[in-house]
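The table sets like items side by side.

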Amino acid sequence: MEVVIDQYSGFCFGVIKAIHAAEIHIADNSSKLFCLGEIVHNNEEVNRLEKEGLITIQHQQINQINGERMLIRAHGEPPETYSLAKQSDVKLIDATCPVVLKLQQNIRKGYKEMLLIDGQIIIYGKEGHAEVNGLVGQTNNSAIVIGSLDDIGKIDFNKPARLYSQTTQNVEDFKMLVENIEHEFAKNKPKEIHFFMAFDTICRQVSNRAPQLRIFASSHQVILFVSGKQSSNGKYLYQICKKVNINTYFISSIEEIQTQWFLNVNSVGVCGATSTPMWLMEQVALFVKSI
């Protein structure tokens, strides 16, 4: 039985940067290394790093680690987090993804512009997601978060607006959202073409995974999609594979693999989310080969 790992799957460069920063500072035993929230939405990788010495904490614990080192993960953080860390003399290791960091800066600039004309900032993303929390924080927590077309009623179509997207959103869904919002603004302000502006801030390294996975999923009889269950990106990419290949199975570890999936099967593809470590996909591939 042939078992192939998708060469395009695995950590995106933002996550690679954060993991690398964590490993470097864990190796330096001069003081503890804390991480604000799970460093990546994958329990297997989190467990690996915690065994090495990484300590995961939540926001309410920042004032309890005075003088220690704390990693800000790739998702980024709102300004309040930096202020709180400074108050507690916490030494920050900022591993915010460069794409997310640039987006934060753009939203902060757009927010200042909207303040001058009583406008609004709209963020297309998952409410409560770590990245979105960091983006909303750039607007003094005033941004409107919309997760789908059902939420556009939150927008005041009589006020100027700027729309940005969470970096990991779906490009086609974003385009459809923009078209609908433009239509609503056109009904209210037909002559003011700059009243509403949309900025496609989706990371192409992430969005390009979808067409690549469609090709990969169609090339094998069975697909094992490896991802943490809490990964939004993982859930989305899994559905991409499932639509192409009905014999696609979502797993988080080798313990979830069922041998009957491979009866009379000659070709198995292993792939994963942007938060899935390559070592885990390799572990899955080796396990399947041993069946």
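Asparagine 140 is exposed, with a relative accessible area of 63%, where exposed stands for over 50% relative accessible area, buried for under 20% and partly exposed for the range in between, with a 1.4 Å probe and protein chains only. Its place is in the loop between α5 (130–136) and β7 (144–146), helices (H or I, at least four residues) and strands (E, at least two) being DSSP runs numbered from the N terminus. Although asparagine 140 is not a glycine, its phi is positive, at about 55°. Most residues other than glycine have a negative phi. Aspartate 89 likewise has a positive phi, near 55°, and lies in the loop between α3 (79–87) and β5 (91–94).

| Residue | Phi | Relative accessible area |
|---|---|---|
| Aspartate 89 | near 55° | 52% |
| Asparagine 140 | about 55° | 63% |

The model is predicted, so that local features need pLDDT of at least 70 and side-chain atom pairs count only at pLDDT 80 or more, whereas totals for chains, interfaces and linings use all residues. Residues are numbered from 1 along each chain as its sequence is written, and side-chain values use heavy atoms, with hydrogens and water left out.

One cavity of 30 Å³ or more is present in the structure, a cavity being a set of points, on a 1 Å grid over the protein atoms alone, where a 1.4 Å probe fits but cannot get out. The volume of the largest cavity is about 310 Å³, counted as the space filled by probe spheres set on the points, which are joined across faces, edges and corners. It is lined by 23 residues, of which Cys12, Val15, His75, Thr168 and Thr274 are the closest to its centre; a lining residue has an atom within 4 Å of a point. Two or more lining residues come from each of α1 (13–27), α4 (98–116), α7 (204–207) and α9 (232–244).

Helix α10 (residues 278–289) has twelve residues, which at 1.5 Å a residue should span 16 Å, in agreement with the 17 Å between its end C-alpha atoms; the expected span is 1.5 Å times one less than the number of residues. Leu280, Met281, Val284, Ala285 and Val288 are buried in α10. These residues lie on the same side of α10 because they cover an arc of only 140° around the axis, taken from the directions from the helix axis to the C-beta atoms. The face turned away from that buried side carries the exposed residues Leu286 and Lys289.

Technical notes
On a 1 Å grid over the protein atoms alone, a cavity is a set of points where a 1.4 Å probe fits but cannot get out, and a pocket is an open set with protein on both sides within 12 Å along at least five of seven lines; lining residues have an atom within 4 Å of a point.
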